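Reader: I have a structure open and would like to go through it with you. Can we take it topic by topic?

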Amino acid sequence: MALLFLIRHGLTAQTGRVLYGRAPGIPLDHRGRAQSEALVGRFEGVRLTAAYSSPLERCTQTLEPLASAHRLDVMTRDELIEMDAGSWTGKRLSAVRRQKAWGVIQREPSTFTFPGGGEGFVQARDRVVGELLRIAGRHPRGRVAVGTHGDIARIALGHFLGTPLDDFQRIVVDTASVSVLQIERGHGHVRLVNDTGGVAAFATAPIPPWETANRAELRG
């Protein structure tokens, strides 16, 4: 059983203002750097065995302090990268939200592909889910940090929750939040969503729910 800790990157100077997509050269700001440093303490007691990340700077910077504390290298994977926003890359979100196509993204993202050669939401789901399953296959008993982006994390969580792709935006994933997937033999369970505090509960092996019920009966 693999535990994957999905970590959204920390704050940048453009977070919430610009649709930066895959644009390079957007590092964490002072708030994001503080968030990345705080991850080390939030994982106290959890022994990570590997760290993977989107290749974009804001994600690798978020994972580097945590990986260093666990003496791990951050391995980048293109499949964990942000969606390609095509010709919308670099536009202010306030301007994009006024476009008619923005309503399609909110109501039926499964039908939408970003203009100008960008990526579709179905494509994004297929690549990230496939990569998470491959990571879990490489570390079948591991605890793995996975640095990625807000929409990518929400799409992945929605898939493993059995949520239709058109409803994935109902899931909240804050900057520097941690969500936990448990994956075994290609099947996933969502253990935690959008945690911004500690994950010490995952330091020990989880007790299967049927064992928990048996112990309750014995105590009764």
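Predicted model: local features only at pLDDT ≥ 70, side-chain atom pairs only at ≥ 80, totals over all residues.

Reader: Strand β3 to start with. Which residues sit on each of its faces, and are they buried or exposed?

Author: Strand β3 covers residues 50–53, with Ala50 and Tyr52 on one side and Ala51 and Ser53 on the other, and all of these are buried. Buried means under 20% relative accessible area, exposed over 50%, and partly exposed in between, with a 1.4 Å probe and protein chains only. Strands (E, at least two residues) and helices (H or I, at least four) are DSSP runs numbered from the N terminus.

Reader: Which strand does β3 join through four bridges?

Author: That is β6, residues 143–148, and the two run parallel. Alanine 50 stands opposite valine 144 of β6. β3 also pairs with β4 (residues 74–76), in the parallel sense and over three bridges; pairing requires at least two DSSP bridges between the strands. Serine 53 has threonine 76 of β4 as its bridge partner.

Reader: How does the chain cross from β3 to β4?

Author: Through helix α2, residues 57–69, in a right-handed β-α-β crossover. Right-handed here means that, with the strands pointing away from the viewer, the path from the first strand over the helix to the second runs clockwise.

Reader: New topic. How many salt bridges are there in the whole structure?

Author: The search finds ten, a salt bridge being a side-chain nitrogen of Lys or Arg within 4 Å of a carboxyl oxygen of Asp or Glu. One of them joins glutamate 131 and arginine 77, at 3.7 Å from N to O. Glutamate 131 is in helix α5 (residues 121–138) and arginine 77 in the loop between β4 and β5 (91–92), so this pair ties together parts 54 residues apart in sequence.

Reader: Glutamate 131: buried or exposed?

Author: Glutamate 131 is buried, at 2% relative accessible area, whereas arginine 77 is partly exposed at 24%. Glutamate 131 also meets arginine 134 in a salt bridge of 3.1 Å, N to O. Those two are three residues apart in α5, which means about one helical turn between them. Arg77, Glu131, Arg134 and Arg138 are linked in a network of salt bridges.

Reader: What about the largest pocket: what is its volume?

Author: About 560 Å³. On a 1 Å grid over the protein atoms alone, a pocket is an open set of points where a 1.4 Å probe fits, with protein on both sides within 12 Å along at least five of seven lines; lining residues have an atom within 4 Å of a point. Volume is the space filled by probe spheres set on the points, which are joined across faces, edges and corners.

Reader: Which lining residues lie nearest its centre?

Author: Of the 23 lining residues, Arg8, Leu19, Leu93, Asp151 and Arg154 do. The elements giving two or more residues to the lining are β2 (18–19), α4 (100–107) and α6 (150–161).

Reader: Last one. What is the phi of alanine 176?

Author: Near 60 degrees, a positive value in a residue other than glycine. Alanine 176 lies in the loop between α6 and β7 (178–184). Asparagine 194, also not a glycine, has a positive phi of about 60 degrees, and is located in strand β8, residues 187–195.

Terms used: Residues numbered from 1 in each chain as written. Heavy atoms only, no water.
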